[in-house]
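Hi,

Here's the structure I promised to pass on to you. Have a look at it first, and then read my notes below.

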Amino acid sequence: MRKIIFGNWKMNPLSLSEALKIAKATDFKNVVICPPFPFLIPVKNHLRKAGLGAQDIFWGGLPTGGGAYTGEVSGVMLKKSGASFVIIGHSERRRVLGETDEIINKKIKVALAAGLRVVLCIGEPAEVRKKGETAAKIFVKSQLTKDLKNILGRRVRAQNLIVAYEPVWAISTSRDPKLTETPEMIVQMIRFIKNLLGSKFKVQGSRILYGGSVTAENIERIIKHKEIDGALVGGASLKPVEFKKIIQIAKKNG
Ligand code: PEP
């Protein structure tokens, strides 16, 4: 299985012309670009090789994909806009917008029903990691259990569920200077998630990504491990030269 690199642009860039410039420069196979909603369709129209992902989805609405939900976007709309993937449960949404595991669980259900492939973000905050490896694993297991409640019994295909392990303290916007991620730590947690998915949730073969301050400088040390199926890249995905290097290194290690 090839390594896959997701670029999460978050609430950037500010203009369509900039968005198209970045998209064109980073349009490679095994890459998925996740722009903000207004840029989904124009970016899709410029991509030849990369896939398209959305950064969020609404959990409710009519089965047809519409409804009286001001400001929200349904899975049906995302599909029609050309997205194949959707990021759900990003720590910024959990932290800043108060998204709960219950909301995330509903979002995963509607995304799968709309035919989208889910990138579920999980990961422990700094105060938990400071208590040690076991505490971090208990936290992650609890997130997975709540986020995937009543979902995996429905025979979700492994390819439709990607998990991104993103320790909150390692993400560039919420870094804790007292903690340092190591490839061993990441591999350990990813092995743990893979085992859990297989044993508890009966899903074998889902890709598990790592996310948290991935750069062209540190990607090789991380991605060379066979357990790590790819990366979710935030800040660096907006810098075409750097993101291209990340993609090339991932390809070399694929
Ligand atoms: C992210 O947004 O998921 C992320 C990992 O961000 P960054 O790479 O900037 O830490």
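**What I found**

Let's start in the loop between strand 1 (4–8) and helix 1 (16–25), where Pro13 has its place. Keep in mind as you click around that this is a predicted model. Pro13 is joined to Asn12 by a cis peptide bond, with omega at about -10 degrees. Lys10 also sits in the loop between strand 1 and helix 1. Its phi is near 55 degrees, which is a positive value in a residue other than glycine. Why point these two out? Most residues other than glycine have a negative phi, and most peptide bonds are trans.

Lys10 turns up again at the ligand. Which residues are closest to the ligand? Out of 14 that surround it, the closest are Lys10, His90, Glu166, Ser172 and Ser213. Sort that shell by type and you get four nonpolar, eight polar and two charged residues.

Now zoom in on the oxygen atoms of the ligand:

- Lys10 has a polar side-chain atom 2.8 Å from a ligand oxygen.
- Gly234 uses its backbone instead: a polar atom there is 2.9 Å from an oxygen of the ligand.
- Asn8 has an N or O atom in its side chain that is 3.2 Å from a ligand oxygen.

How much of the ligand's accessible area does the protein cover? On its own the ligand has 290 Å², and the protein covers 99% of that.

Last stop: a pair of helices. Helix 7 (residues 133–147) packs with helix 8 (residues 183–199) at an angle of about 40 degrees, and their axes are 11 Å apart. That angle makes helix 7 oblique to helix 8. As for handedness, helix 7 and helix 8 have a right-handed crossing.

Enjoy exploring!

Definitions and conventions: Residues are numbered from 1 along each chain as its sequence is written. This is a predicted model: local features need pLDDT of at least 70, side-chain atom pairs count only at pLDDT 80 or more; totals for chains, interfaces and linings use all residues. Side-chain values use heavy atoms; hydrogens and water are left out. A residue is near a molecule or strand if one of its heavy atoms lies within 4 Å of it. A polar contact is a pair of N or O atoms within 3.5 Å; within protein, one must be able to donate a hydrogen and the other to accept it, and residues adjacent in sequence count only if both atoms are side-chain atoms. Accessible areas come from the Shrake-Rupley method with a 1.4 Å probe; for residues, only the protein chains shown count as cover. Ala, Val, Leu, Ile, Met, Phe, Trp, Tyr, Cys and Pro count as nonpolar, Asp, Glu, Lys and Arg as charged, and the others, Gly among them, as polar. Axes are lines fitted to C-alpha atoms, for helices over the stretch in contact, and angles run from 0 to 180 degrees between N-to-C directions. Helices (H or I, at least four residues) and strands (E, at least two) are DSSP runs, numbered from the N terminus. Angles under 35 degrees count as roughly parallel, over 145 as roughly antiparallel, 65 to 115 as roughly perpendicular and the rest as oblique. A crossing is left-handed if the near helix is turned anticlockwise from the far one by less than a right angle, and right-handed if clockwise.
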